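Welcome, and please take a moment to look over the protein shown here. The report below begins with a word that is needed later on, then moves from the overall picture to a few local details.

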Amino acid sequence: MRIGMAQMDISWENIEDNKKKVEQFFKKAEENQVDCLVFPEMTLTGFSMNVEETGEKSENQKHFFEEMSKKYKIFTVFGYTEPVPEERLKEHPNWNHYYNRLGIAENGELKLNYAKIHPFSYGFEGEYYQGGRKLKSVEWKGTTLGAFVCYDLRFPEIFQISSEKSEIIFVIANWPKSRIDQWDTLLKARAIENQVFMVGVNRTGEGDGLHYNGHSAIYSPNGEAVTTIREEECLLIGDINPEEIKEMRKTFPMKNDRREELYIKMWENASHQ
């Protein structure tokens with residue numbers, strides 16, 4: 001399975017310019033026989049809080065990636081923003097009106113749309129975007145894929161739950177250079193503790209006064225880096241074999257030793273102290 005990571009210098013809130021960049025990545029991926037191409041968080045806009053502008057154009061963004069996946073016959077993971085459905089807002093009138101989403105498209109069809117569970121309150125994301133409430137996974141080539149967005153990486157509980165089924169987990173991000181060592185460490189840790197391949201794709205370049213330096217990477221279930229760390233805009237490619245995960249979980253069945261019921265009791269006791 002060949003994974004391509006589009007470590008992209010996203011033009012700030014310039015959807016049309018970013019579409020051109022995205023298609024160039026598709027062309028490179030096609031030339032290199034990539035099976036799956038993964039883009040950073042909020043791929044066509046950057047990490048923007050301008051929800052009225054970016055969110056209202058979500059259908060355009062989503063349709064673009066669906067068409068690219070069909071045109072180039074590449075399984076595609078991408079980021080976009082989308083309005084919360086009106087019926088959900090009627091049920092929850094205090095919710096924010098937009099989601100920060102990760103989409104997966106195959107042959108022109110949206111196969112998964114995950115809403116980021118943890119908005120980044122430190123960066124005021126929680127004032128504009130509503131946190132999701134569901135984990136999502138999808139089957140592809142006999143392998144179960146999980147998906148998360150950026151700040152989610154700091155919350156190990158959801159990765160443990162996802163990895164009960166998932167064998168490869170994607171994290172797409174706009175993670176700044178000032179905290180890049182934490183990105184590196186957390187990606188590797190999530191791979192080891194969940195016995196999965198972790199595919200982390202981060203942007204590069206400048207956006208809204210922040211500097212991004214990539215460090216997109218694939219980590220094996222043993223925590224080994226499958227790709228070389230780079231900081232410039234580029235297409236990184238890694239070949240992985242999901243059968244490694246099945247074999248590792250069989251020969252070193254760490255998950256069988258987890259004690260979820262005990263953890264829940266400990267959590268309940270701690271919250272009442």
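Predicted model: local features only at pLDDT ≥ 70, side-chain atom pairs only at ≥ 80, totals over all residues.

A residue is called buried when its relative accessible area is under 20%.

**Around Glu-66**

Glu-66 is part of helix 3, which covers residues 58-72. Leaving aside residues up to four places away in sequence, Glu-66 touches Ala-105, Gly-108, Glu-109 and Leu-110. Thr-76 is ten residues from Glu-66 in sequence, and the two C-alpha atoms are 8.2 Å apart in space.

**The protein as a whole**

Stepping back, the protein has eight helices and 13 strands. Its radius of gyration is 18 Å, close to the 19 Å that the globule rule gives for 273 residues, so the protein is as compact as a globular protein of that length. The C-alpha trace spans about 50 × 45 × 35 Å along its principal axes. Of the 273 residues, 54% are buried. Among contacts between residues at least 6 apart in sequence, 67% join residues at least 24 apart.

What about the surface and the charges? The accessible surface comes to about 13,000 Å², and carbon and sulfur atoms account for 47% of that. There are 35 positive and 45 negative charges, and their mean positions are 2 Å apart.

| Strand pair | Sense | Bridges |
|---|---|---|
| Strand 6 and strand 7 | antiparallel | four bridges |
| Strand 7 and strand 8 | parallel | five bridges |

Strand 6 forms a hairpin with strand 7, with two residues between them. In that turn, Lys-141 has a positive phi of about 55°.

Leu-145 links the two pairings. In strand 7, Leu-145 is the bridge partner of Val-138, and in strand 8 the bridge partner of Leu-145 is Ile-168.

How many of the six residues of strand 8 are buried? Six of the six are, so strand 8 (residues 168-173) is largely enclosed by the rest of the structure. Ile-168, Phe-170 and Ile-172 point one way from this strand, Ile-169, Val-171 and Ala-173 point the other way, and all are buried.

Technical notes. Residues numbered from 1 in each chain as written. Heavy atoms only, no water. Rg over C-alpha atoms; globule rule 2.2 N^0.38 Å. Buried < 20%, exposed > 50% of the residue type's maximum accessible area, 1.4 Å probe, protein only. Contact = heavy atoms within 4.5 Å. Areas by Shrake-Rupley, 256 points an atom, 1.4 Å probe, with all protein chains shown as cover. Lys, Arg positive; Asp, Glu negative; His and termini not counted. Charge placed at Lys NZ, Arg CZ, Asp CG, Glu CD. Pairing = 2+ DSSP bridges.
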